[in-house]
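The following note sets out, point by point, what can be read from the structure shown below. It begins with the contact between the chains and then turns to the folds of the individual chains.

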Amino acid sequence: MDLHEYQAKERFRAAGIPVPPGEVATTPAEAEKLAAKYGGAVVVKAQVHSGGRGKAGGVKLAKTPAEARGHAEKILGMQIKGLTVEKVLVTPAENIATEAYVGVLIDRAKQAPTFIVSAAGGIDIETVAKETPEKVRKLAVDPRYGLLPHQAYWLANFLYDDDALIKQATKIISQLYDSFVSSGASMAEINPMITTPSGEVKAIDAKMSIDDNELFRRLEVAAMRDVSAEPPAEAKARAAGLSFVKLDGNVGCCVNGAGLAMATMDLVKYYGGNPANFLDIGGSSNPDKVVAALEIITSDPNVKAILFNIFGGITRCDDVANGIIEAMRRIEIEPPIVIRLTGTNEEIALKILEKAGFPAYTSMDAVVEKAVQLASA
Amino acid sequence: MAIFTDKNTKLIVQGITGRDGSFHTREMIAYGTQVVGGVTPGKGGQTFEGPSGKNVPIFNAMDEAVAATGANASVIFVPPAFAAGAIVEAADAGIALIVAITEGVPVLDMARAHAFARDRGSRVLGPNCPGLLTVGGAKIGILPGRIVSPGPVGVVSRSGTLTYEAVHQLTHAGLGQTTCVGIGGDPLIGTNFIDCLAAFEKDPATRAVVMIGEIGGTDEQAAAKFAKDKMSKPVVGFIAGQTAPPGRRMGHAGAIISGAEGTAAEKIKTLEACGVPVAKRPADIVGLVMEALKK
């Protein structure tokens, strides 16, 4: 789960990181009021789960409250990489002397939280690390001990020459690690971390992604989920315990297991079709889940055919067959459905489906080919 | 012969009295696995009723279970909040092979547990994996025993049902298996592709390996280079997620394209450049294995 900038800043403030004040506005009038409250120049920043906000025109400097209102009018409702801007953050403009990058994320190869810092801040760190590796310093943290004081100093020392700045940055880097752990994050980033002409170090932009597996024990972070920022079908799928990603094709896919679900999407493409979604109904054979899955898939008007691909390892095929028939009783489903079941109790399942008048297959290729054909008819 | 487990493996089930733990304990015993004990805190001294009278003693803790049974492997079915703790407990009790089935374990918990297990010399498989099955030897985890058959092919995969699909097709084509290993769909896993390829390379019974990868991370790319430089046996690949959009998690916590890294196209390119043929669809795996075995 991604946090908005203003939410990540709340987490940073709670850990003691110096972050300038800022509040969220959902209307131009609110933005104007906030700008008047802060006095002086402010920055109006789009709050969407996407990078490249500045390039898209979603970050603007305003010298007066009226100007802030004007910027908010343009930014609210704007589309950035397909996402609609519903909120803007209004924050006092800072005087910037230098910009640095500080980030920590889970490194898969090192299996540890890993810091990356660079004095070349405010730009894409992946590009900096790739093209000029001498400009970044990396450190893998032993997650059992956490970030040790001398390690935080070693990172800060790479960014500045001035002792007072190094001291402040050392503290911020330690606080960032604390915030990363206490938020259950998989990534936390200050970009840029600035110095002001008067010698202060501050975080003026913030990014954080939360490990979904942490949410059960981080309730205040879980409460930050912005349901309006995700497609309604995905919110519904999550509530039903299904893993779902909407795509733009017309073949609805309902599969058990993430790997098989991806392979099924790929096979739809192989036979000349386009998948409408990724959906993993998981290891259970609860008919309610099948009902929820069908409701979610059919809520997409693009879907012209629905394909089930079930390998019954733990999930029993007869349970899935019963779930499909039960779902058909509860809701009206217009697109044609083709079903492939193989594995545990497949013979019983095929009989159940044939009796109910559904075409059932045991070959994955045959069912995908059929679904693509139905969708393009 | 086989890798990581055989008929001599003595297994403890952590979380034996839970819904999944009890169901799969019966399945494992029915397959012929030596399940020597189970652990559920607070239920020590009770007995788990296995199939055909094969009952299993229950212990409160791993150290007691190991002391009483001489177990050398464990399988974990405990809920996500306690799974990392169960791994650490097993490693502390000297278990050599710890198979973590649980899905949804916090990543930071796993970073700590993996570091601990490495220090103790324990091998962790998973988490978020279906486990492993040595044909005619032992089944640890949830791989369905009835789809496998004995033969010369080693199978290693990040996925569950996609592995079953591949194994099912191999069996139907008369291509049996040595060991099938599901390494798990999480970003931090204890045993990776290279560990499995190295073990299959050493196993005299294995003549070819099927490696099933997916989007996310760079484990497949590293494995491709390993297959080229360090292996004499042929490897056949498959990569799921060619149609997955970047930046979206496809079910598995680890199946995500971050920036330009971890795409299916990049993995397929690296595998082919290293001489590992990649099946375009699951149904093509069988043909590539047959060709590989001819060489």
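1. The interface. Chain B and chain A bury about 3,900 Å² between them, and carbon and sulfur atoms account for 60% of that area. The model is a predicted one. On the side of chain B, 54 residues take part in the contact, and chain A contributes 44 residues.

2. Charged and polar pairs. The rule finds 5 salt bridges across the interface of chain B and chain A. A salt bridge links A:Arg217 to B:Asp109, with 2.8 Å between the closest N and O atoms. Between chain B and chain A, 19 residue pairs are in polar contact, both residues of each pair being at pLDDT 80 or more.

3. Elements on the chain B side. Which elements of chain B give two or more residues to the side that touches chain A? They are helix 4 (107-120), helix 5 (161-172) and strand 13 of chain B. Helix 4 of chain B gives the most to this side, with 10 residues.

4. The six-stranded sheet of chain B. In chain B, an open sheet is formed by 6 strands in the order 9-8-11-10-12-13, with mixed pairing. Why is one side of strand 9 and of strand 13 of chain B left without a neighbour in the sheet? Strand 9 (138-141) and strand 13 (235-240) of chain B stand at the edges and have a single partner strand each, so one side of each has no neighbour in the sheet. From one strand to the next, the twist averages 15 degrees.

5. Strands 12 and 13 of chain B. Strand 12 (residues 208-214) of chain B pairs with strand 13 of chain B in the parallel sense, over 6 bridges. Within this part of the chain, B:Val209 has B:Val235, in strand 13 of chain B, as its bridge partner. Helix 7 (residues 219-230) of chain B packs on the sheet and touches both strand 12 and strand 13 of chain B. The direction of helix 7 of chain B makes about 160 degrees with that of strand 12 of chain B.

6. The seven-stranded sheet of chain B. An open sheet of 7 strands in chain B has the order 3-4-2-1-5-6-7, and its pairing is mixed. Its edge strands are strand 3 (47-48) and strand 7 (123-125) of chain B, each of which pairs on one side only. Strand 5 (residues 73-76) and strand 6 (residues 97-100) of chain B run parallel and are joined by 4 bridges. B:Ser74 stands opposite B:Ile98, which belongs to strand 6 of chain B. Helix 2 (residues 62-69) of chain B lies across strand 1 (10-14), strand 2 (34-39), strand 4 (56-59) and strand 5 of chain B, and runs at about 155 degrees to strand 1 of chain B.

7. Domains of chain A. Chain A is divided into domain 1 (22-92), domain 2 (98-222) and domain 3 (231-376). The C-alpha centres of domain 2 and domain 3 of chain A are 43 Å apart.

8. Backbone details to inspect. The peptide bond from A:Asn191 to A:Pro192 is cis, with omega near 10 degrees, and A:Pro192 is placed in strand 10 (residues 185-195) of chain A. In chain B, a cis peptide bond joins B:Gly126 and B:Pro127, where omega is about 15 degrees; B:Pro127 is found in the loop between strand 7 and strand 8 (131-134) of chain B. A:Gln111 is not a glycine, yet has a positive phi of about 55 degrees. A:Gln111 is in the loop between strand 7 (98-107) and strand 8 (112-118) of chain A.

Notes: Residues are numbered from 1 along each chain as its sequence is written. Chains are lettered from A and ligands numbered from 1 in the order in which they are written. This is a predicted model: local features need pLDDT of at least 70, side-chain atom pairs count only at pLDDT 80 or more; totals for chains, interfaces and linings use all residues. Side-chain values use heavy atoms; hydrogens and water are left out. Two strands pair if DSSP finds at least two bridges between them. Axes are lines fitted to C-alpha atoms, for helices over the stretch in contact, and angles run from 0 to 180 degrees between N-to-C directions. Contact means heavy atoms within 4.5 Å. Domain bounds come from an automatic or database domain assignment. Buried area is the accessible area (1.4 Å probe) that two parts lose on being put together, summed over both. A salt bridge is a side-chain nitrogen of Lys or Arg within 4 Å of a carboxyl oxygen of Asp or Glu. A polar contact is a pair of N or O atoms within 3.5 Å; within protein, one must be able to donate a hydrogen and the other to accept it, and residues adjacent in sequence count only if both atoms are side-chain atoms.
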